[in-house]
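Here is a report on one protein chain. Please keep the sequence and the model in view while reading.

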Amino acid sequence: MSSVLTEVSGRMGDNYPYFHPLYAGQMLKPPHPIARAAYAMAMGINPNNHALDGGRASSHMEIEAVREIAAMFGWEEYLGHLTSGGTFANLEALWVAGLLAPSKTIAASEQSHYTHSRISAVLKLPFQKIPVDALGRMDIAALESALQQGEIGTVVVTLGTTALGAVDPLSEILDLRRKYNFRIHVDAAYGGYFKLASNLDEDAARAFARISETDSIVVDPHKHGLQPYGCGCILFRDPAVGRFYKHDSPYTYFTSSDLHLGEISLECSRAGASAVALWATQQLLPLVRAGNFAGGLERSRLAAQSLSARLEADPRFITGPRPQLDIVVWAIQTPSLEESSHRAQKIFDRAAQQDLHLALVQLPVAFFGTEHWPGRDESESVTCLRSVLMKPEHEAWIGEIWRRLLIAAEN
């Protein structure tokens, strides 16, 4: 064992320093120490939260932890459970949506996660992309035009898109629901916890303020919730959708007459250790406004605002849509689109040499303005730089991040 683990240790050295504030690239945030400790403690038993027989204590802890997440969104009555991640949580939401509105179209914005089109294909449901506005949010006029055709059964509203952290205008979409009668599923896998932040812009705050009026919500504790992978969560406002999960299991579960989590989940075996880690974290850092957990989210947003302001003031860079959460995107000012993409790749590589790790993303020119590259169509893509500042420590490190970025950007 010692020999094998020594080799494991060596091989795991081939990684980026995801834990460090100078890693400002993809959506990677280290689990809280209490989550790691609680997970390891639970692994001594290795409970399975499919049923009370396999995870007695951890199943109850899951129920309690999920209740706290639902309360964060303003729900006291609901149906919900943990999943292996956001993809499976979204699958369950769209599965229920398809059963409630058979053969009806699932609609989501062009900036929504690609998993929605994949899931729709798996469920054999039509899927339609809705154009976005200049900030990367679902375009309300385009959505209403699509709704007028009468084929849309569910609209996926993204509160925190993967590329931009854009927050779809949920309030306006809820107003459209009164007119067109469709189901609203909120994909808040990334942004859901920002419901607790007090420093959002007016548009984002208005969207989060009405999240309790939607039909289903997905959030990923393994993103901003300080949990190890994989830990997602699906919530339904109407507990009656539990009828779709009903099944018989005649050969395993007889020690309790209580409803077990396997009866409200598409997944069968699920790691009870994930529930234990989440429960412990939420005991230490409650999901309340003005608390320590909420303060961490607010610091991440301040970091994004600070970096965005510095980029905007530097003529070498072209800032994308203003950050609504904690994600910043920017392109490089050059005469041609191709040169801008090339320069972004070069800065990405040179930043890594400075131990500053960013991300690359391809986005439509429309997000930056066609005036920067005359004659190019707004639908063309440009490779640009992206920074996910999801660690609270990023706020204190913005000065150092900026210094290293400027070195990487030197000609």
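This is a predicted model: local features need pLDDT of at least 70, side-chain atom pairs count only at pLDDT 80 or more; totals for chains, interfaces and linings use all residues.

Residues are numbered from 1 along each chain as its sequence is written, and side-chain values use heavy atoms, with hydrogens and water left out.

**Domains and interface**

The chain splits into domain 1 (33–284) and domain 2 (292–409); such bounds come from an automatic or database domain assignment. Contact (heavy atoms within 4.5 Å) involves 33 residues from domain 1 and 20 residues from domain 2. The C-alpha centres of the two domains lie 29 Å apart. Together, domain 1 and domain 2 bury about 2,200 Å², with 62% of it on carbon and sulfur atoms. Buried area here is the accessible area (1.4 Å probe) that two parts lose on being put together, summed over both.

**Salt bridges**

A salt bridge is a side-chain nitrogen of Lys or Arg within 4 Å of a carboxyl oxygen of Asp or Glu. The count by this rule is 21. Two salt bridges cross the interface of domain 1 and domain 2.

| Pair | N to O distance |
|---|---|
| Arg322 and Asp203 | 3.5 Å |
| Arg137 and Asp133 | 2.9 Å |
| Arg376 and Glu380 | 2.8 Å |
| Glu172 and Arg206 | 3.5 Å |

Glu172 sits in helix H7 (residues 170–180) and Arg206 in helix H8 (residues 202–209), so their pair ties together parts 34 residues apart in sequence. Helices are DSSP runs (H or I, at least four residues), as are strands (E, at least two), numbered from the N terminus. A network of salt bridges links Asp133, Arg137, Glu172, Asp201, Glu202, Asp203, Arg206 and Arg322.

Burial is set by relative accessible area: buried is under 20%, exposed over 50%, partly exposed in between (1.4 Å probe, protein chains only). Arg137 and Asp133 are both buried. Glu172 is partly exposed at 28%, and Arg206 is partly exposed at 31%.

**Two buried residues**

His222 lies in the loop between strand S6 (216–219) and strand S7 (232–236). Its relative accessibility is 7%, so His222 counts as buried. The His222 side chain reaches the backbone nitrogen of Cys231 at 2.8 Å. Beyond four places in sequence, His222 touches residues including Ser84, Gly85 and Gly86.

Thr105 belongs to strand S2 (residues 105–109). Thr105 is buried, with a relative accessible area of 9%. Leaving aside neighbours within four places in sequence, its contacts include Pro126, Phe127 and Glu151.

Note on methods. A polar contact is a pair of N or O atoms within 3.5 Å; within protein, one must be able to donate a hydrogen and the other to accept it, and residues adjacent in sequence count only if both atoms are side-chain atoms.
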